[in-house]
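My entries follow the display.

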Amino acid sequence: MAEARVKARGRKERGESPLAERFGVFAECLLTGVWIAVASVGVVTYPAAFAAGARHLRRRTAHEGGGWREFVADFRSAVRGGWLAGLAGWAAVAAVWVDVQAARAGIPGGPFVGAVGLFALIGLAVAGLRAAAVWTPGESWRALLARAGRRTVLDPAGSFLLIAGLAVVALSGWVVAPLAVPMLGAVAAAAVAVEERHRDR
């Protein structure tokens, strides 16, 4: 309630209507998605890119300053340990790809192993998003991911929302590939919202 009053007061001071503020946040999400996509070009840098994007959106919704320079500074800080998380993520994708190929080849037990691997990969993606959503400079990625893994299991509703967000990005990319880029910011915003919801419960 107090936070809502602070936001309303901030809007009043800037002369913004609630609709203008919401549209501004939406536009910021789309721009942040472009920043995340550019920062993810390094292949293993996507966890750091999402962490920097989520921190930027947290600043934006808290009416704090920040822009491209702050995003770059956060990205540089997050990538120091985040590249290992990115490498582990790609290793998990490779392992699941092998499982799926085994299932398609008709190996006994292959379909079960492939399904388990696919569900595990989805869970890892959700945990990674949740970890990135609460990242702050200097935090250990190992500790962040461990805590996020627990929240992924203990907060199934929030995890399902993030799975739906990832599905929307995948669908957007399949229908019109360029749409997937700005939608990455919407996924980062969803992760921030899910973590805020979990914290306030």
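Entry 1. Which residues does Arg-130 touch, not counting residues up to four places away in sequence? I listed Ala-148, Arg-151, Thr-152, Asp-155, Gly-158, Ser-159, Leu-162, Val-194, Glu-195 and His-198, where contact means heavy atoms within 4.5 Å.

Entry 2. I noted the basis of the values. This is a predicted model, in which local features need pLDDT of at least 70 and side-chain atom pairs count only at pLDDT 80 or more, while totals for chains, interfaces and linings use all residues. Residues are numbered from 1 along each chain as its sequence is written, and side-chain values use heavy atoms, with hydrogens and water left out.

Entry 3. I then went through the protein chain as a whole. I found eight helices and zero strands; these are DSSP runs numbered from the N terminus, helices being H or I of at least four residues and strands E of at least two. Of its 201 residues, 35% count as buried. Here buried means under 20% relative accessible area, exposed over 50% and partly exposed in between, with a 1.4 Å probe and protein chains only. Among contacts between residues at least 6 apart in sequence, 67% join residues at least 24 apart.

Entry 4. I returned to Arg-130, which sits in helix α5 (residues 110-133). Is Arg-130 buried or exposed? Arg-130 has a relative accessible area of 0%, so it counts as buried. Its side chain makes polar contacts with the side chains of Asp-155 at 2.9 Å and Ser-159 at 3.2 Å. A polar contact is a pair of N or O atoms within 3.5 Å; within protein, one must be able to donate a hydrogen and the other to accept it, and residues adjacent in sequence count only if both atoms are side-chain atoms.

Entry 5. I checked Gly-149 in helix α6 (residues 141-154). Gly-149 is partly exposed because its relative accessibility is 26%. Gly-149 and Arg-130 are 19 residues apart in sequence and 8.3 Å apart in space, C-alpha to C-alpha.

Entry 6. I looked at how helix α4 (residues 68-104) packs on α5: the angle is about 155° and the axes are 8 Å apart. Axes are lines fitted to C-alpha atoms, for helices over the stretch in contact, and angles run from 0 to 180 degrees between N-to-C directions. The angle makes α4 roughly antiparallel to α5, a term for angles over 145 degrees. Residues making the contact include Ala-92, Val-93 and Val-96 of α4 and Gly-114, Gly-117 and Leu-121 of α5.

Methods
Parallel < 35°, antiparallel > 145°, perpendicular 65-115°, else oblique.
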